[in-house]
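Subject: Structure handover

Hello,

Here is the structure I promised to pass on. Please open it alongside this message; my notes follow below.

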Amino acid sequence: MSPSEVYVDYELRESKLKYGILNFLKYAVLVIACLVVIIPLMVVFIGSFKENKEFLSSNVFALPTKIEWSNYSTAFIDGQVLTGFKNTLIILFFSCIGTVITGSMTAYVLQRFKTTLGNVIKAAFLLATLLPNISMQVTVYRIVNAFGLVGSMAAPIILYVGTDIISIYIFIQFLDNISYSLDESAIMDGANYFTVYVRIIFPLLKPAIATVLIIKIISIYNDFYTPQLYISSKPVVSTALYNFIGPYGAKWEIIFAGIVICIIPTLIIFLSLQKYIYNGLVNGSVKE
């Protein structure tokens with residue numbers, strides 16, 4: 001072989017080796033990520049079928065010697081899981097509608113009307129996202145309490161709707177891809193700005209609405225702090241099982257059974273609507 005052929009062969013081998021190493025690292029990271037998600041779910045599922053003594057004395061991966069189906073009935077009835085689902089659905093319904101309406105309207109005004117005040121408001125929104133929510137909870141709680149909303153479901157609904165700055169920025173990003181000529185044509189035909197928003201802008205925001213709803217539903221469904229602080233007497237999905245934690249310990253086997261019950265609806269919804277979920281996320285990242 002000539003020196004040039006030897007060099008080309010060496011380069012090919014080196015590139016194949018680099019590709020193989022990168023490929024191995026890619027799949028290794030994916031496997032580790034899957035294990036990080038799957039292992040806790042396995043521990044929860046196995047632990048939900050154990051007795052209390054066996055749960056405390058056995059290994060977390062050890063299979064139960066006797067399946068305790070009563071854990072699920074206890075979690076469902078005593079844990080008020082059904083009531084938690086009902087309250088969560090009520091909060092989700094009004095919070096999602098409020099977020100879509102207020103978020104899209106705010107984004108429409110800020111994106112379509114370029115003013116100094118609009119730039120100041122967007123900067124203030126961006127600054128607010130940098131502040132940790134926990135640092136403002138004392139002030140927020142005092143304001144909510146002053147209006148007499150503590151203990152009512154209106155409190156978390158208003159907070160979920162009024163503090164969703166991320167949704168506003170998602171709508172602004174989508175509005176950047178909608179041509180101004182549509183607005184101008186409608187205005188020339190006699191439409192006002194509200195008609196333009198309702199008849200033209202809002203229907204074109206369907207991909208953005210899907211993305212916002214996905215993010216909103218997940219965040220509300222998993223939120224524990226807000227419901228526990230403002231409506232502790234009314235259980236939601238994330239707080240219903242908190243009753244099984246007391247000063248002398250926790251009934252983790254019942255809590256795990258309740259977690260499995262709470263996972264089932266979301267799993268069914270995800271498997272049924274995954275096509276639309278993926279399309280919403282992909283459409284939200286592609287400029288039309």
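**The cores**

The largest nonpolar core holds 20 residues, and those with the most contacts inside it are Tyr 72, Ala 75, Val 81, Phe 85, Leu 241, Ile 261 and Cys 262. Such a core is a set of buried Ala, Val, Leu, Ile, Met, Phe, Trp, Tyr and Cys residues joined through side-chain atoms within 4.5 Å. Buried means under 20% relative accessible area, with exposed over 50% and partly exposed in between (1.4 Å probe, protein chains only). Helix 1 (3–47), helix 3 (70–77), helix 4 and helix 13 (252–283) each give two or more residues to this core. Helix 13 supplies the largest share, seven residues. A second, separate core has 19 residues, including Tyr 108, Phe 171, Phe 174 and Ile 201.

**Ground rules**

This is a predicted model: local features need pLDDT of at least 70, side-chain atom pairs count only at pLDDT 80 or more, and totals for chains, interfaces and linings use all residues. Residues are numbered from 1 along each chain as its sequence is written, and side-chain values use heavy atoms, with hydrogens and water left out.

**Overall**

The protein has 13 helices and two strands. Both are DSSP runs numbered from the N terminus: helices are H or I with at least four residues, strands E with at least two. Of the 288 residues, 33% count as buried. The accessible surface is about 18400 Å², and carbon and sulfur atoms account for 71% of that. Areas come from the Shrake-Rupley method with a 1.4 Å probe; for residues, only the protein chains shown count as cover. Among contacts (heavy atoms within 4.5 Å) with a separation of 6 or more, 71% join residues 24 or more positions apart.

**Around the largest core**

In helix 3, Asn 71, Tyr 72 and Ala 75 are buried. They cover an arc of only 95 degrees around the axis, so they sit on the same side of helix 3. The arc is that of the directions from the helix axis to the C-beta atoms. Leaving aside neighbours within four places in sequence, Ala 75 contacts Gln 80, Val 81, Leu 241, Phe 244, Ile 254, Ala 257, Gly 258 and Ile 261.

Phe 85 is in helix 4. It is buried, at 17% relative accessible area. Not counting residues up to four places away, Phe 85 touches Tyr 221, Val 237, Ile 261, Cys 262 and Pro 265. Phe 85 and Pro 265 are 180 residues apart along the chain, yet their C-alpha atoms are separated by 9.7 Å.

Lys 216 is in helix 11 (residues 206–222). Is this lysine buried or exposed? At 7% relative accessibility, Lys 216 counts as buried. A polar atom of its side chain lies 2.4 Å from the backbone oxygen of Tyr 160. Beyond four places in sequence, Lys 216 touches Cys 96, Thr 99, Tyr 160, Val 161 and Asp 164.

Thr 99 is in helix 4. It is buried too, at 2% relative accessibility. Among its contacts beyond four places in sequence are Tyr 160, Asp 164, Phe 171 and Lys 216.

**Helix 10**

Val 196, Tyr 197 and Ile 201 are buried in helix 10. Their arc is only 95 degrees around the axis, which puts them on the same side of the helix. The buried residues of helix 10 pack against helix 4 (81–112), helix 8 (165–175) and helix 9 (180–188).

Best wishes

Methods:
Polar contact = N/O pair within 3.5 Å; in protein donor to acceptor, adjacent residues only side chain to side chain.
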